[in-house]
Amino acid sequence: MPNLFEFEMSETGDDEHREGEADVPPDASQAPAAEEQSENVDAATGQHPRSGPDRQLLLQEIQKEQQRLTQMDSAFFRSLPHASVPRSAFENEDGTLKRLEETLDAAPTAFRSLWNALYRETNRSLRRIESLESLLRRNELPRGNADSKNLGRLAESDVLDTADDDLLRLEQSDRPEVVQLVLAERKRTVAWLGPEVLERWQRMVRDATESLDDIVYPDQRDEWMYTYVRDRQHPHGRWLRATAESYRTGNPVWSVLLDLEQSAFSGYTWLNAEPDPTHTRALVALSRLGNDSHIIREYDLTSRRFVSPADGGFDAPEALSLVSWIDRDTIYIATDFGRGSLTESNMPRIVKRWHRGTELSEATTVFEGESTDIRVYAGYGRTMNRRWFRSPGSLRHYLIRQTSERDYDVWLLSEEGWRHLDVPSDSLVFWSESWLLILLRSSWTTGGVVHPAGALLAVPLSDFLGGGGEIQVVFTPDDQNVLIADWNTIFSPTPFQPPGWLSNYFVIPALRDAQNRLLVAAPDSNNVWNSYLLEDATPPNSRVRLVSLDPAHDRLLVAADSATSPPALMQVSLRSIGASAPEVAIELLTSTSEPAGVPLPITEQYFATAEDGARVPYFITRLPGATGSTIVYAYGSHGTVSAVPTYNPALARRWVADGNIWVSAGIRGGGECGGEWHLQGKLWQKLNSFEDFAAVVRDLHQRRVTTPAETGAIGTSFGGLVAAVMAVRYPELFGGIFCEQPLLDMIRFDRLQPQGRTWITEYGDPGDPIDRAFLTTYSPLEQIRYGTHYPALLFFTRTADDRVTPGQARRMQAKLRHAGHENTYYYESDDGAHGYDSTADSTSLRMALMLAFFDRVLRREA
């Protein structure tokens with residue numbers, strides 16, 4: 001059987017396949033072993049002139065690359081029956097392989113991506129082997145050998161052994177040697193940046209942030225506005241409340257409901273709170289470690305004290321719980337009820353109805369999911385956003401079973417009992433008293449009609465629950481216009497409002513050419529639906545978010561900001577005028593502005609062309625005509641929209657105002673261009689995300705905005721994965737990489753963190769040999785190469801992060817330094833959790849680390 005991955009090495013040094021080159025060279029598997037090719041011995045001693053750790057590392061690298069070739073070859077051919085593709089699609093009659101162009105035409109789209117990715121990765125591995133064997137033959141060794149003083153210090157600890165099994169011990173945050181390592185690396189990073197330099201940056205970040213008059217974004221519940229505010233005087237924050245009428249004057253009168261530092265839970269971190277229908281009690285979620293896991297305690301808004309279980313207060317154990325009020329004395333609760341009550345993702349498998357004055361163990365079971373589900377949840381309200389509006393006709397009991405990251409089964413309670421909504425499991429649903437709106441995430445054929453992904457449909461709710469109903473198309477996406485919403489916005493505890501209902505309109509965020517818009521839709525007097533984009537309420541190159549919806553008056557609060565403009569809060573009132581677009585009245589309630597003398601930057605939108613021709617949107621924020629040090633940010637995962645410019649006072653007032661540049665890129669895998677844009681950057685097409693980022697950077701270089709030495713990349717969480725891949729796959733494009741709480745181990749992500757299994761639908765299943773082979777092609781921890789020159793890296797993590805474990809960054813830094821790359825640094829904070837700063841000081845420190853790092857490493861080439 002011929003080896004699938006046998007390619008001819010050209011003299012150009014380019015590791016990509018070039019048209020016209022031979023695809024099937026002589027069998028590389030028959031080449032002499034590395035030792036046989038390196039018989040350059042000293043005549044006097046009969047030994048290799050250079051031996052020991054350096055030589056052994058080179059031989060190990062060669063062996064590792066050869067094993068990767070075999071694994072990819074085996075995995076690919078095992079996948080052929082799985083994809084219903086015959087082996088003959090890739091082989092000629094004589095057993096040789098067909099040309100790349102022919103094989104691509106023979107494969108389905110998704111399978112084609114895997115084949116193309118493995119094809120290129122194998123060519124990289126073969127070139128890597130050739131380079132390493134050449135070094136052995138010439139007795140030339142790369143910089144940073146294993147006997148160096150720096151690497152010797154790391155090798156003294158068995159925890160820092162580069163074997164993956166040993167490095168996995170770095171995942172254990174409570175091991176004394178790991179604690180010692182974390183403290184030592186933190187000290188080393190601060191010393192490298194300079195304590196005075198870091199302190200100065202932190203002071204500048206703090207001054208830039210505190211000089212901005214903060215706009216308080218409220219969480220509206222009926223006639224009340226709630227918010228949680230942190231400041232220097234109250235670093236852990238206070239829970240406040242004002243009337244909606246007071247808030248809309250622009251000078252609200254806030255009353256303090258809870259000062260956490262003065263309570264019995266002063267050592268805990270605030271997550272969120274759910275007021276009851278009477279607004280006299282609330283269920284408060286508090287985290288002991290600052291992570292996702294939390295306790296639930298009932299709080300009395302009148303007496304300003306927590307209600308003990310002895311007095312009938314609701315009290316739930318530490319878990320990833322979800323709760324919802326039914327009435328003042330009854331709640332739905334999904335939590336850890338004991339053995340067997342959690343899913344494999346460590347989330348609730350059972351949801352119950354719990355009455356005041358009874359034990360949790362006495363709660364009545366409403367629904368039980370499967371252990372392989374992600375979680376289950378039940379509630380009472382409008383469209384699962386848990387915001388209470390006093391419009392009883394549209395309030396319904398609902399039940400949710402999440403089976404994967406993007407797949408949900410939804411039931412509504414009717415007079416006939418629980419009724420399942422027979423819609424695609426990856427769609428989002430929004431109900432009112434009379435209507436059900438369905439936002440499709442994939443195409444749906446119903447009634448002989450094919451509705452595309454991204455379409456918004458409407459159907460009478462009662463008819464649909466009865467098995468019928470005429471479906472109307474409210475919105476159809478195109479190349480420029482798409483709607484944006486996901487389940488994360490619905491479940492998120494942030495004050496920002498998910499898509500929802502006014503009295504006469506449905507409101508949902510939209511994008512036109514990756515720029516924010518708002519879409520409103522409504523049925524006319526004949527129940528025919530129409531939709532309209534609100535252009536005036538959405539400034540160009542700005543982020544627009546729904547703060548609250550006021551159904552009683554058909555008005556909404558909108559927050560708008562951009563990379564160059566501080567936040568502003570607007571009230572948008574809609575007046576129905578029949579079948580035409582509504583009349584829109586916009587009132588600026590409050591805004592902030594830059595102080596006098598601060599240079600005014602500009603934001604421009606551009607498009608880069610990816611390798612496959614895709615147009616990748618990105619935004620440049622800079623002073624007019626500025627060139628030089630540039631930070632490029634992207635997220636590119638889970639359909640999240642992240643490229644729309646947003647205001648960060650530290651970036652605007654320090655980085656950009658000082659003549660530097662900030663870039664945000666809308667790479668595939670994100671949602672900047674709709675559902676299809678996301679699909680083109682997930683699973684076997686994930687390499688598109690990385691190639692898009694590289695295309696944006698190359699476009700910046702071609703436009704002479706910056707140079708490779710002056711270009712930095714930054715990413716957080718799944719965006720941290722993108723940033724790390726930039727370092728290991730495209731090191732020549734960057735001068736520095738800042739990875740914040742990054743996902744780095746794509747071979748074990750489903751086991752390292754409790755929520756890891758929920759990401760399988762986004763990246764693939766590491767337990768499947770086909771997916772695993774593909775994940776290996778870009779998993780940063782698997783891609784570190786001995787002797788490669790990488791840009792400077794700084795990893796920032798948090799000890800309490802249970803969503804993306806800090807051990808992944810610990811391991812990657814250890815492997816990089818063991819490979820001779822000393823220009824890599826690590827800072828682990830013992831404050832906050834995933835994507836969350838518990839105090840203002842922790843926010844300023846994180847920003848200061850990032851800015852001090854880039855200020856040091858991004859330098860113009862001589």
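**Burial, cores and cavities in the predicted model**

At 3% relative accessibility, Trp325 counts as buried, where buried denotes under 20% relative accessible area, exposed over 50%, and partly exposed the range in between, for a 1.4 Å probe and protein chains only. The structure is a predicted model, in which local features need pLDDT of at least 70 and side-chain atom pairs count only at pLDDT 80 or more, whereas totals for chains, interfaces and linings use all residues. Residues are numbered from 1 along each chain as its sequence is written, and side-chain values use heavy atoms, with hydrogens and water left out.

Trp325 belongs to strand S10 (residues 322–327); helices (H or I, at least four residues) and strands (E, at least two) are DSSP runs numbered from the N terminus. The side chain of Trp325 reaches the backbone oxygen of Glu274 at 2.7 Å. Trp325 and Pro277 are 48 residues apart along the chain, and their C-alpha atoms are separated by 7.4 Å.

The protein chain contains 20 helices and 40 strands. Of its 862 residues, 60% are buried. Among contacts (heavy atoms within 4.5 Å) with a separation of 6 or more, 61% are accounted for by residues 24 or more positions apart.

His294 is located in strand S7 (residues 294–300) and is buried, with a relative accessible area of 9%. A polar atom of the His294 side chain lies 3.3 Å from the backbone oxygen of Ser321. When neighbours within four places in sequence are left aside, the contacts of His294 include Leu271, Ala285, Leu286 and Ser287, as well as Pro317, Glu318, Ala319, Leu320 and Ser321.

Ile62 is placed in helix H1 (residues 53–82) and has a relative accessibility of 1%. With residues up to four places away in sequence not counted, Ala665 touches Pro617, Tyr618, Tyr633, Ala634, Ala643 and Val696. Ala665 and Ala608 are 57 residues apart in sequence and 9.5 Å apart in space, C-alpha to C-alpha.

The largest nonpolar core comprises 95 residues, of which Phe693, Tyr763, Tyr778 and Phe854 touch the most other members. Such a core is a set of buried Ala, Val, Leu, Ile, Met, Phe, Trp, Tyr and Cys residues joined through side-chain atoms within 4.5 Å. Helix H20 (residues 840–857) supplies the largest share of this core, 10 residues. Phe854 is in contact with Ile631, Trp655, Gly712, Ala713, Ile714, Gly736, Ile737 and Phe738, residues up to four places away in sequence not being counted. A second, separate core of 21 residues includes Tyr377, Tyr408, Leu412 and Leu461.

Grid points are joined across faces, edges and corners, and a volume is the space filled by probe spheres set on the points. By this rule, 6 cavities of 30 Å³ or more are present. The second largest cavity has a volume of about 70 Å³. It is lined by 11 residues, of which Tyr408, Val410, Val423, Pro424 and Ser427 are the closest to its centre. Strand S16 (residues 407–414) contributes the largest share of this lining, 3 residues. By class, the lining has 7 nonpolar, 3 polar and 1 charged residues, with Ala, Val, Leu, Ile, Met, Phe, Trp, Tyr, Cys and Pro taken as nonpolar, Asp, Glu, Lys and Arg as charged, and the others, Gly among them, as polar.

Backbone geometry was also examined. Most residues other than glycine have a negative phi. Asp222, although not a glycine, has a positive phi of about 55°. Asp222 lies in the loop between strand S1 (219–221) and strand S2 (224–229) and is buried at 9% relative accessibility. Asp554 also has a positive phi, near 50°. Asp554 is in the loop between strand S29 (542–550) and strand S30 (555–562), and its relative accessible area of 6% makes it buried.

Technical notes:
Polar contact = N/O pair within 3.5 Å; in protein donor to acceptor, adjacent residues only side chain to side chain. 1 Å grid on protein atoms, 1.4 Å probe; cavity = no way out; pocket = protein on both sides within 12 Å on 5 of 7 lines; lining within 4 Å.
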